[in-house]
Amino acid sequence: MLANPIVGTLLCLSGIYAAALWPGTGFAFMAGFGMIFAILFASEAVRKISKYGLGTGVPSVGMFSIGIGCVISLYSLSLNSIWGPAVCAVLALIIGWVSGFLINKVLHMNIPSMEKRMSEMAVGSTLAMTASAIVIGGTLDSGFILQNFIGVGVAALGFIGCSLAIFHAFNANLGPDEAADRTRTLAILDGFLVMFVLGIVSFLSGDVVGPLVTIFISIVFILLTSYRYWTYIQRDAWKITSTGLLPGEEDLN
């Protein structure tokens, strides 16, 4: 249910607004949770569309959607308005659908539900990028975001982190034994890893309580989801064996 795009969008927006409406209260981690929900349903869209045999198109479609999300999220954050995140979700929905339509009709890929999946990926990527900016300081103030998210280069970190979280899960579990619960769990784990890094970077904003809460919560969920992912690996793997240490330079020559 949490991978449903409508539910995920509402939960993500709720997390963003919970953090932005009470800045400086340690609620910035709520935007981090919102980012997780966006990553989850966007990665689910990648999982579904990639089952049509895109091959190396898995990371390509993920990077395309996060590119859309990066541009739209930066635009929405520049609005300096409480309606910015909601506006960006609607814009992403429209642009994602148009992109999917052009992919099918102009490039003639003719993949069923391409328009729908591109819309989901675009909305998820946009909201994930927006939420990653809010995690830094828990505010929608464009001046703050320009200085602490864009100006210092953290936006690039949000771009790479969110894009990897969105397409890595299916890419890492690709194969005949790919299972939905295992893939979704890895997407959640990737999201909390991004949240952890953003929590460290958010110390640059001058706040202390918010970053500490974000880091603590992300560590707890990283441990929980790592354990859950490992149990799924043990469940699905035919055999688990140790490969030993990685080969050294002498062994490779």
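**Aromatic pairs**

I searched the predicted model for aromatic pairs and counted six, taking rings of Phe, Tyr and Trp (its six-membered ring) as paired if their centres lie within 6.5 Å, with planes under 30 degrees apart counted as stacked, over 60 as edge-to-face and the rest as tilted. For exposure I used relative accessible area (buried under 20%, exposed over 50%, partly exposed in between; 1.4 Å probe, protein chains only). Phenylalanine 27 is partly exposed at 36%, whereas phenylalanine 29 is buried at 15%.

I next took phenylalanine 33 and phenylalanine 221, whose ring centres are 5.5 Å apart with planes at 85°, so this pair is also edge-to-face. Phenylalanine 33 lies in helix H2 (residues 28-50) and phenylalanine 221 in helix H9 (residues 209-236), so the pair ties together parts that are 188 residues apart in sequence. Helices here are DSSP runs (H or I, at least four residues), numbered from the N terminus. Phenylalanine 221 is partly exposed, at 29% relative accessible area. I recorded one aromatic cluster formed by Phe27, Phe29, Phe33, Phe192 and Phe221.

**Basis of the entries**

I numbered residues from 1 along each chain as its sequence is written, and I used heavy atoms for side-chain values, leaving out hydrogens and water. As the model is predicted, I required pLDDT of at least 70 for local features and 80 or more for side-chain atom pairs, while totals for chains, interfaces and linings use all residues.

**Salt bridges**

I searched the whole structure for salt bridges and found seven, each being a side-chain nitrogen of Lys or Arg within 4 Å of a carboxyl oxygen of Asp or Glu. Glutamate 44 and arginine 47 form one of them, at 3.3 Å from N to O. Both residues lie in helix H2, three residues apart, about one turn of the helix. Glutamate 44 is buried at 5% relative accessible area, and arginine 47 is buried at 11%. I also noted that Glu44, Arg47, Glu178 and Arg184 are linked in a network of salt bridges.

In helix H5 (residues 114-137), I looked up arginine 117 and glutamate 120, which are three residues apart, about one turn of the helix. Their salt bridge has its closest N and O atoms 3.1 Å apart. Arginine 117 is buried at 12%, as is glutamate 120 at 9%.

I then examined arginine 182 and aspartate 236, whose salt bridge brings the closest N and O atoms to 2.5 Å apart. This pair links distant parts of the chain, with arginine 182 in helix H8 (residues 180-201) and aspartate 236 in helix H9, 54 residues apart. Arginine 182 is buried at 5%, whereas aspartate 236 is partly exposed at 23%.

**Nonpolar surface**

I recorded a nonpolar surface patch of about 990 Å², with Val90, Ile94, Trp97, Phe101 and Met109 among its residues. The areas come from the Shrake-Rupley method with a 1.4 Å probe; for residues, only the protein chains shown count as cover. Isoleucine 94 is found in helix H4 (residues 84-105) and is partly exposed at 48% relative accessible area.

Notes: Helix = DSSP H or I, 4+ residues; strand = E, 2+ residues; numbered from the N terminus. Patch = residues over 30% accessible without salt bridge, like charges linked within 9 Å, V, L, I, M, F, W, Y side chains within 5 Å.
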